[in-house]
Amino acid sequence: LYYKAERNIVQVDCRTGAMVLFTEENSCDPKASLAHDLSSILSDEKLDRFCDVKITGPYRGSVRASRLLLAARSPVFRRLFMEDDLPVDRATGRAEVYLDFSRWVTETVVSFCYCGAADLALAAAPACDDVRDDDREPGA
């Protein structure tokens, strides 16, 4: 069953009662595009507002993500986010978490939580010698 109104489409599965809302631009099979849609939140700077946690480590910058999604996909993140004393960045309102992993490991774990898959090929990982001093936080 489809209902179409001003570029939005509601699809209802009569057997299960499941309802899906999507736009004409994104009207492909919603189940087939779930991993793509979730990963777009990580890669699209305009969708940054949906990320409510900043993960930092011994590298410059941070990896942003959604606490809800990480907690749903990982018992480790779920326990971590249950802590009452989780620091919050006053400027952004995001929770801050420090993980003592390389940026590549952090991004790979977050990507796996979002997409259910990760590229663990050795070719994808930076060599230890490739980590330049200017990529690390001062004093690290």
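Contact here means heavy atoms within 4.5 Å. The note below applies this to a predicted model, in which local features need pLDDT of at least 70 and side-chain atom pairs count only at pLDDT 80 or more, while totals for chains, interfaces and linings use all residues. Residues are numbered from 1 along each chain as its sequence is written, and side-chain values use heavy atoms, with hydrogens and water left out.

1. Overall composition. The chain contains 4 helices and 6 strands; helices (H or I, at least four residues) and strands (E, at least two) are DSSP runs, numbered from the N terminus. In sequence order the pattern reads β-β-β-α-β-β-α-α-β-α. Among contacts with a separation of 6 or more, 43% are between residues 24 or more positions apart.

2. Surface and burial. The accessible surface of the chain is about 10,100 Å², and 56% of this belongs to carbon and sulfur atoms. Accessible areas come from the Shrake-Rupley method with a 1.4 Å probe; for residues, only the protein chains shown count as cover. Of the 140 residues in the chain, 24% are buried, where buried means under 20% relative accessible area, exposed over 50%, and partly exposed in between (1.4 Å probe, protein chains only).

3. The sheet. An open sheet is formed by 3 strands in the order E5-E4-E6, with mixed pairing; two strands pair if DSSP finds at least two bridges between them. E5 and E6 are the edge strands, each pairing on one side only. On average, neighbouring strands of this sheet are turned by 25° against each other, direction ignored. Helix H4 packs on the sheet and touches E4 and E5, its direction making about 5° with that of E5. Axes are lines fitted to C-alpha atoms, for helices over the stretch in contact, and angles run from 0 to 180 degrees between N-to-C directions.

4. Strand E6. E4 and E6 run parallel and are joined by 4 bridges; Lys-54 has Glu-96 in E6 as its bridge partner.

5. The nonpolar core. A nonpolar core is a set of buried Ala, Val, Leu, Ile, Met, Phe, Trp, Tyr and Cys residues joined through side-chain atoms within 4.5 Å. The largest has 19 residues, and those with the most contacts inside it include Val-53, Ile-55, Phe-77 and Val-110. Elements giving two or more residues to this core are strands E4 (53-57), E5 (59-65) and E6 (95-98), together with helices H2 (67-73), H3 (75-81) and H4 (103-115). Apart from neighbours within four places in sequence, Phe-77 is in contact with Ile-55, Leu-70, Ala-71, Leu-99, Val-109 and Cys-113.

6. Two exposed positions. Asp-100 lies in the loop between E6 and H4 and counts as exposed because its relative accessibility is 60%. Leu-120, in the segment after H4, is exposed with a relative accessible area of 60%. Leaving aside neighbours within four places in sequence, Leu-120 is in contact with Trp-104 and Thr-108.
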